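Open your viewer and keep the sequence panel beside it. This tour tells you what to select next and what is there.

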Amino acid sequence: MLSRIKSWAKGLKRDAHAIYLASRDPRVPWYAKALAIAVAGYALSPIDFIPDFIPIIGYLDELILLPLGIWLVVTLIPDEIMVECRAKANAAAQRPTSRAGMAVIILLWIAGALTLAWIGHAWWNRP
């Protein structure tokens, strides 16, 4: 059973890289690209929606949300493109890294936090 879980996790990691590659392919529909960029960005992001230090639910996003997002993107991408992208992902030695992508993700999280702070401030300071 442990080997099946390891194989499943390895497949998810490969598919996360494959959807990143597919998001850059011109044959992929725009809506699949948008969702692929969002899922791959989240999968490769060091920032979690639910922090891992929260007991029990901390790993919920990695166990449920991320696999569901990957599955949805894979179903939206044509099969022949996914086969090519999976082969490229298997051949790659490491995940893609992008300082610009990391900066965009961090800026989005900061913008979201500032927006929530502004809304909270407006809510509590209303007459």
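**Before you click.** This is a predicted model: local features need pLDDT of at least 70, side-chain atom pairs count only at pLDDT 80 or more, and totals for chains, interfaces and linings use all residues. Residues are numbered from 1 along each chain as its sequence is written, and side-chain values use heavy atoms, with hydrogens and water left out.

**Stop 1: the whole chain.** Show the cartoon. The chain has 5 helices and 0 strands. Helices (H or I, at least four residues) and strands (E, at least two) are DSSP runs, numbered from the N terminus. Along the sequence the pattern reads α-α-α-α-α. The C-alpha atoms fill a box of roughly 60 × 40 × 25 Å along the principal axes. Of the 127 residues, 26% count as buried. Buried means under 20% relative accessible area, exposed over 50%, partly exposed in between (1.4 Å probe, protein chains only).

**Stop 2: helix H1.** Select residues 2-22. H1 has 21 residues and reaches 30 Å from its first C-alpha to its last, close to the 30 Å expected at 1.5 Å a residue. That expected span is 1.5 Å times one less than the number of residues. Now colour the buried residues of H1, among them Gly11, Leu12, Asp15 and His17. What do the buried residues of H1 pack against? They pack against H2, H3 and H4, where contact means heavy atoms within 4.5 Å.

**Stop 3: helix H3.** Select residues 60-76. H3 has 17 residues and spans 24 Å, close to the 24 Å expected. Zoom in on Leu66. H3 bends there by about 25°, and a proline, Pro67, follows within four residues. The bend is the angle between axes fitted to the seven residues ending at a residue and the seven starting there. Leu66 and Pro67 are buried, and so are Asp61, Gly69, Ile70, Val73 and Val74. The buried residues of H3 pack against H1, H2 (30-44) and H4 (79-91).

**Stop 4: Ile57.** Move to the loop between H2 and H3, where Ile57 lies. Is Ile57 buried or partly exposed? Ile57 is partly exposed, with a relative accessible area of 43%.

**Stop 5: the whole surface.** Switch to the surface view. The chain exposes about 9,300 Å², and carbon and sulfur atoms supply 70% of it. Accessible areas come from the Shrake-Rupley method with a 1.4 Å probe; for residues, only the protein chains shown count as cover.
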